[in-house]
Amino acid sequence: MALTVGIIGSGTVAQTLGKGFFGAGASVTMGTRDPGKLATFTAETGIPVADVATAAAADVLVLAVKGTAAETVVRQLGSALAGKVVIDTTNPIADGAPDAGVLRYFTNANESLMERLQAIAPGARFVKAWNSVGAPFMIHPTFAEGRPTMFICGNDADAKAQVAEILDGFGWRPKDVGLAPSARPVEALCQLWCAPGFLSGQWRHAFALFER
Ligand SMILES: NC(=O)c1ccc[n+]([C@@H]2O[C@H](COP(=O)([O-])OP(=O)(O)OC[C@H]3O[C@@H](n4cnc5c(N)ncnc54)[C@H](OP(=O)(O)O)[C@@H]3O)[C@@H](O)[C@H]2O)c1
C-alpha cells in the first residue's frame, strides 16, 4: 500500500489500525499528545510516534480519539486537514454508564459527531468507517458466514472510494450509505454493536447487509 497514513490517537483503535496499515505496507506515523505513551508499542512494532500535528502531515488520516475529545482535536488541527481524507472511527459516547446496555450519546438522533467535525473543518474529506465494530475485528475479520459489511458515509465521493478500497484490502465489504448526515445511523450502529456485549458479554459479532 503506497500511502502515508497518520493515526491520530494512542488507544486500542489507533494501535490496531496503525498495525494494520503498517502491515499492509503503508508508511504510518502515530500522533498523540504524549508520545511516551506509545514507547512500548513503537519498540515492539517499529511504527514511529510523533505529535499530532506531525502525524497529520500524512496523506490519509485516521481519527481514533475519544468521542468527547474529537471536536477539540479537529479544531486544533484546523487548516492542516484541508483536502485530506480523514477516516473517522469515533463515536459520540458520553461519559457515564450505559442505560440498560445502551451507550449514552452526547449527540441527538438528528445530528452526528461526524457532521460536527465536518462543520469545524469544512475542507477535510471525512469518511466514517470502522466505528461499528470492536477493535479485535477491524483488520481481516474472520466469520464463517463470509465478509462482514462496513458501512461508510461522507460528502466526498473520491474519499469514500479510496476508503472503500482500503476496507476491501482489509477484508471488509464496504457499503456507502450516503453523505455526512448518514453518520447519524452509522454512529448509532456502535450502540447496537455494544448492547449485546454489555447485556450478555458477547462481543464477537459484526454487521452484514444482504442485498438483492
Ligand atoms: N475500542 C473499540 O473497540 C472501538 C471500536 C470502534 C470505534 N471506537 C471509537 O474509536 C475512538 C477511539 O477509541 P479507543 O477505544 O481506541 O480509545 P479511547 O479511550 O476512546 O480514546 C483514546 C484516545 O483519545 C484521546 N484523547 C482523550 N482525551 C483527549 C483530549 N482531551 N484531547 C485530545 N485527545 C484526547 C487520547 O489521545 P492522546 O494519545 O493524545 O492521549 C487517546 O489517543 C473512540 O471514539 C471510540 O468510540 C472504538
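Predicted model: local features only at pLDDT ≥ 70, side-chain atom pairs only at ≥ 80, totals over all residues.
Residues are numbered from 1 along each chain as its sequence is written, and side-chain values use heavy atoms, with hydrogens and water left out.

Seven helices and eight strands make up the secondary structure of the chain, where helices (H or I, at least four residues) and strands (E, at least two) are DSSP runs numbered from the N terminus. The radius of gyration, taken over C-alpha atoms, is 16 Å, close to the 17 Å given for 212 residues by the globule rule, so the chain is as compact as a globular protein of that length; the rule is 2.2 Å times the number of residues to the power 0.38. Of the 212 residues, 50% count as buried, that is, under 20% relative accessible area with a 1.4 Å probe and protein chains only.

The structure holds one cavity of 30 Å³ or more, a cavity being a set of points on a 1 Å grid over the protein atoms alone where a 1.4 Å probe fits but cannot get out; its volume, the space filled by probe spheres set on points joined across faces, edges and corners, is about 30 Å³ for the largest cavity. The lining residues, which have an atom within 4 Å of a point, are Ile-8, Leu-61, Leu-63, Val-74, Leu-77, Leu-81 and Val-86. Strand S4 (60-63) and helix H4 (67-77) are the elements that give two or more residues to this lining.

Notes
1 Å grid on protein atoms, 1.4 Å probe; cavity = no way out; pocket = protein on both sides within 12 Å on 5 of 7 lines; lining within 4 Å.
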